[in-house]
Amino acid sequence: MTHEKPIDASVTGGGAAEPGLSKDELALAIRVSTEEVFSTMLGLDLAVGEVYVAKDSVEPSSGVVSIVGFAGPWVGSGSLYCSGPFACKIASFFLQEQFAAVNEDVLDSVAELTNMIIGNVKTHLENRLGAMGLSTPTVIYGRNFQTRSVRNQEWTVVPFTLDGDRMCVQMCIMPNPDETHQTKRAGFPIPHVLSI
Amino acid sequence: MASLLDVLIVDDSAAIRKILQRVLKQAEIPIGEIYEAGDGVEALEVLRKQKVGLVLSDINMPNMDGLEFLTRLRAEPAWQKLPVVMVSTEGTHGKVLEAVERGASGYVRKPFTADQIKEKLAGLLPA
């Protein structure tokens, strides 16, 4: 079950859930990063929808999910979810060739776009929260699966639309409970349980 | 006639390798062979076999990341002057500084435009 509550991504200072980082700030960073990556690499302008916080699981879905983990003084993960046809569309703009079906090139494109989006959010947050290491992306394509945070974290979800198709970029982040995080590139926790 | 420049692209993303290939071919640079590697280990193997005149490398990669690759590359006398441009999502001042200290010739942050790559190369390569 998904519990949703809207937040305002256009302002900062509200919706504080963790010391040092508000959900509004996180949502704004996701929005700015996603818009920059899509306009720069794909030449596409996305329309942003109403940002919300999802507790526990994020939408039951089919399609493509790409996940990147990060670790350091703060830990968490970010992901991009879209339908198969939407993945084909953005891969076609990214690689400048047409894709009618999801294949390795499409999945690799979605993974790299996720890496850029979440990587840029991480860079923005590192100025305040400290250096964090980024994992390589994991991408999943299938039907009737759910993503779930094993730590029961809240996800800040930013939906976008392009010509009526929908895509979501979402992140969950929390202070690292492990006080021995002395190295920047400590092992990444597996942030999700996936059932496909 | 200008001699052709062989290039090595190092990135774990095949999509990015493909995009950088396209950008290089569109640039006003006499490009010869373009070699690809998915991580630092593969990149060092390519460099031992091929004589390349330019390297474009990601930082976050499995097996051996771009900074470790850069350090090992610069430790070899034959590669100390080889132009190496890092192309990465890592964008903090500290990370850029670390790359420069390890011997990077240039740094382009992802996302990038074709013009940003071309401008960076124009400043590094002989006219």
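A polar contact here is a pair of N or O atoms within 3.5 Å; within protein, one of the two has to be able to donate a hydrogen and the other to accept it. Counted that way, 13 residue pairs, both at pLDDT 80 or more, are in polar contact between chain B and chain A. The structure is a predicted model, and the values below are computed from it.

On the side of chain B that touches chain A, helix α1 (residues 14-26) of chain B puts in the largest share, with six residues. Overall, the contact draws on 22 residues from chain B and 24 residues from chain A. Charged side chains take part too: five salt bridges run between chain B and chain A. One of them links E36(A) to R109(B), with 3.0 Å from N to O.

The size of an interface is often given as the accessible area lost when the parts come together. For chain B and chain A that comes to about 1,900 Å², and 50% of it sits on carbon and sulfur atoms.

Moving inside chain A, strand β10 (residues 165-175) is largely enclosed by the rest of the structure, since eight of its eleven residues are buried. Strand β6 (residues 74-82) of chain A pairs with β10(A) in the antiparallel sense, over nine bridges. Within that pairing, S79(A) has Q170(A) in β10(A) as its bridge partner. Strand β9 (residues 154-162) of chain A also runs antiparallel to β10(A), and seven bridges join the two. There, T161(A) stands opposite R166(A) of β10(A). The β9(A) and β10(A) hairpin has two residues between its strands, and D163(A) takes a positive phi near 50° in it.

That leaves the cysteines. The disulfide count over all chains is zero. For C82(A), the closest cysteine sulfur is the one in C88(A), and because 8.8 Å separates the two sulfurs, they are too far apart for a bond; the cut-off for a disulfide is 2.5 Å. Seen from the other end, C88(A) is in no disulfide either, its nearest cysteine sulfur being that of C82(A), 8.8 Å away. C82(A) is buried, at 0% relative accessibility. C88(A) has a relative accessible area of 5%, so this residue counts as buried as well, the limit being under 20%.

Conventions. Residues numbered from 1 in each chain as written. Chains lettered and ligands numbered in written order. Predicted model: local features only at pLDDT ≥ 70, side-chain atom pairs only at ≥ 80, totals over all residues. Heavy atoms only, no water. Buried < 20%, exposed > 50% of the residue type's maximum accessible area, 1.4 Å probe, protein only. Helix = DSSP H or I, 4+ residues; strand = E, 2+ residues; numbered from the N terminus. Pairing = 2+ DSSP bridges. Contact = heavy atoms within 4.5 Å. Buried area = accessible area lost by both parts, 1.4 Å probe. Salt bridge = Lys/Arg side-chain N within 4 Å of Asp/Glu carboxyl O. Polar contact = N/O pair within 3.5 Å; in protein donor to acceptor, adjacent residues only side chain to side chain.
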